[in-house]
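Please look over the sequence and the structure shown below before reading on.

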There are 2 protein chains.
Amino acid sequence: MNYAIAIHGGAGPDSDFIRSHLTEYESGLKSVLEAGNKMLENGGSAVDAVEAAVRSLEDNHLFNSGRGSALNHLGEIEMDASIMEGKELLTGAVSMLKNVRNPITLARFIMEKTSYVFLSDSGALDMAKDENLDLEPDSYFVTDNQLEEWLETRKRDEIQDILRKRVHGTVGAVAIDKKGNMAAATSTGGSCNAHAGRIGDSSIIGAGCYARNGLCALSGTGDGEYIVNNVMAHSVAMLMELTGCSLDEACHKVIHERLKNVDGDLGIIGVDSDANISMVFNTPRMHRAAMKNGEILQIRVYS
Amino acid sequence: MNYAIAIHGGAGPDSDFIRSHLTEYESGLKSVLEAGNKMLENGGSAVDAVEAAVRSLEDNHLFNSGRGSALNHLGEIEMDASIMEGKELLTGAVSMLKNVRNPITLARFIMEKTSYVFLSDSGALDMAKDENLDLEPDSYFVTDNQLEEWLETRKRDEIQDILRKRVHGTVGAVAIDKKGNMAAATSTGGSCNAHAGRIGDSSIIGAGCYARNGLCALSGTGDGEYIVNNVMAHSVAMLMELTGCSLDEACHKVIHERLKNVDGDLGIIGVDSDANISMVFNTPRMHRAAMKNGEILQIRVYS
């Protein structure tokens, strides 16, 4: 049976920082993609593949999730993540998480081993400690680049510089395995200088993450508030289910038609039940990469 | 133009406590309903009406939201709420909130006055303090009944008694005003003895709350984890939009067909653009009440 994986590392405006690190971004995407593909090729599950891909992106300091997360207005790290498997429609999510090296792994634990679907803050951290998940000190998560961006963002008079350099973002992965099972995973460090406690789309099932076998698996990125208001990922899935349109048509319809008046960054990646990939965004760039049946389809940052 | 309001106070199993307080529950529902109807009759907005209705239910100690919230496994109060208006598709939500007398009012503030859609925990509390919202000490929220239930729930050997007495629940309101604007609001004190940090459907747009002008406004209740996994409210809205079915058909289809294998309590109330009301649940009871154009349609607890 066809299998495929796609990953993203956030959609957003042009950025000098990203342009000056393009090679590292592309090689990072490539290694994560190929590792996920290898798992699927060897008969691994879609859930295993998307969790592993997002873990690698969380560990990569260039992406805004796990290590390299943005700092909120208190200068603290607060991470959100979610995962969904498409067979039983099980989900797991975390928000406001500190010190857990891989938020996506805690989300998966919540999905598979508890009666909950969403845990937040110290309650989520306590569960991670009980389960002996890898913990790291605050300093592990804070990169020079994110600290510098935070300091600049706090100087309100330099807004144009901030916009040019902005690296707000998310990471995500979607996959279909050889058994036809589908999964999606999304993780973020949030928005630079956001109010403490801010939750965006990355931990909201239906907004930044959705998967249903026989239909699609989706991960979103962009300005999370608009993605929440518009229940973006679930809109794509319901369009496919109820109108019979293709994944690509549904993604375009949602981003470029239904949400065309949204004054914000939007991006989505998806895979359908035939292992077709779609990656649609309304921004100058979306870090993205995809493989189907062992063949690389795309590894790109700019459009 | 037609106007209508519907409210709910949670769906769930039969309960000796509820049976012994039926008159108080029904009179509580009636006064909240009539106050909301009066606002709409006087030309008030749907957002004003659903916020006011949910505030009253939060203030009523018999319902599990605001005063009367359930205690988590640490014996603490953590409240979730969300609100959505259907004209601009704006939303606001809070979770893990303590000490704010009316979580729905903070959710509305976030929706209307900030660039965020969802704030959690101490970050949300800080915003409430900045805005001088009414705060209350912990003792205000804890009722004798919820404390007793929590103490009983912790005695694992008396599970049958707990089930008989269970008053887990949510409150919610939906409305359409004379201008055709629609809104939905949902609020909860969570599940008794839940893990700290547990978030259910009540703060998740698309799950326990959704509104879109010209289509419907919806508020959900029940076992929140299943409602999140199935993006319940947005499923109803998309079925109406894409298949042209009525609100009542869509609510029945979601609760009794699409989610028929879900082993949990589910309930939903909705209003459509003609001010028709639907209230559907798979449980022995759902506290519910509705008025259309000033006429009481229903005030009931059991089916």
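## A charged pair within chain B

In this predicted model, Arg101(B) is partly exposed, its relative accessible area being 23%. Its partner is Asp59(B), and the two side chains meet in a salt bridge with a nitrogen-to-oxygen distance of 3.3 Å. The pair links distant parts of the chain, since Arg101(B) sits in the loop between E3 and helix H4 (103–113) of chain B while Asp59(B) belongs to helix H3 (residues 46–59) of chain B, 42 residues apart. Asp59(B), with 27% relative accessibility, also counts as partly exposed.

Elsewhere, in chain A, salt bridges that share partners tie Asp48(A), Glu51(A), Arg108(A) and Glu112(A) together into one network. Over all chains, the count of salt bridges comes to 24.

## A charged pair within one helix

Side chains of opposite charge can pair when their charged atoms come close. One such case is the salt bridge between Glu34(A) and Lys30(A), where N and O are 3.2 Å apart. Both residues lie in helix H2 (residues 22–41) of chain A, and the 4 residues that separate them correspond to about one turn of the helix. Glu34(A) is partly exposed at 32% relative accessibility, and Lys30(A) is likewise partly exposed, with a relative accessible area of 37%.

## A charged pair between the chains

Arg258(B) lies in helix H11 (residues 247–258) of chain B and Glu241(A) in helix H10 of chain A, so this pair joins two chains. The closest N and O atoms of the salt bridge between Arg258(B) and Glu241(A) are 2.7 Å apart. Arg258(B) is partly exposed, with 30% relative accessibility, and Glu241(A) is partly exposed as well, with a relative accessible area of 28%. Across the interface of chain B and chain A, 2 salt bridges are found.

## The interface as a whole

The size of an interface is often given as the accessible area lost when the parts come together. Between chain B and chain A the buried area is about 3200 Å², and carbon and sulfur atoms give 64% of that area. In terms of residues, 41 of chain B are in contact with 41 of chain A, and 13 residue pairs between the chains are in polar contact, counting pairs in which both residues have pLDDT 80 or more.

On the side of chain B that touches chain A, at least two residues each come from strand E3 (90–97), strand E4 (118–120), helix H5 (121–130), strand E7 (209–212), helix H9 (224–229) and helix H10 (232–243) of chain B. H10(B) gives the most to this side, with 7 residues. Sorted by class, the side of chain B that touches chain A holds 21 nonpolar, 14 polar and 6 charged residues.

## The nonpolar cores

The largest nonpolar core has 104 residues, and among these Leu218(A), Val236(A), Leu218(B) and Val236(B) touch the most other members.

## Two buried threonines

Thr186(A) is placed in strand E6 of chain A and is buried, with a relative accessible area of 0%. Its side chain reaches the backbone oxygen of Gly208(A) at 2.8 Å and makes a polar contact of 2.7 Å with the side chain of Ser219(A). The C-alpha atoms of Thr186(A) and Gly220(A) are separated by 7.5 Å, although the two residues are 34 residues apart along the chain.

Thr283(A) lies in the loop between strand E10 (277–281) and strand E11 (285–292) of chain A, and it too is buried, with a relative accessible area of 8%. A polar atom of the Thr283(A) side chain lies 2.9 Å from the backbone oxygen of Arg285(A). Residues up to four places away in sequence aside, Thr283(A) touches Ala11(A), Gly12(A), Asp265(A) and Leu266(A).

## Positive phi in two loops

Asn193(A), though not a glycine, has a positive phi of about 65°. Asn193(A) is found in the loop between strand E6 (182–188) and strand E7 (209–212) of chain A, and is buried at a relative accessible area of 10%.

Val231(A), again not a glycine, has a positive phi of about 40°. The loop that holds Val231(A) runs between helix H9 (224–229) and helix H10 (232–243) of chain A, and Val231(A) counts as buried at 1% relative accessibility.

Terms used:
Residues are numbered from 1 along each chain as its sequence is written. Chains are lettered from A and ligands numbered from 1 in the order in which they are written. This is a predicted model: local features need pLDDT of at least 70, side-chain atom pairs count only at pLDDT 80 or more; totals for chains, interfaces and linings use all residues. Side-chain values use heavy atoms; hydrogens and water are left out. Contact means heavy atoms within 4.5 Å. Buried area is the accessible area (1.4 Å probe) that two parts lose on being put together, summed over both. A salt bridge is a side-chain nitrogen of Lys or Arg within 4 Å of a carboxyl oxygen of Asp or Glu. A polar contact is a pair of N or O atoms within 3.5 Å; within protein, one must be able to donate a hydrogen and the other to accept it, and residues adjacent in sequence count only if both atoms are side-chain atoms. Ala, Val, Leu, Ile, Met, Phe, Trp, Tyr, Cys and Pro count as nonpolar, Asp, Glu, Lys and Arg as charged, and the others, Gly among them, as polar. A nonpolar core is a set of buried Ala, Val, Leu, Ile, Met, Phe, Trp, Tyr and Cys residues joined through side-chain atoms within 4.5 Å. Buried means under 20% relative accessible area, exposed over 50%, partly exposed in between (1.4 Å probe, protein chains only).
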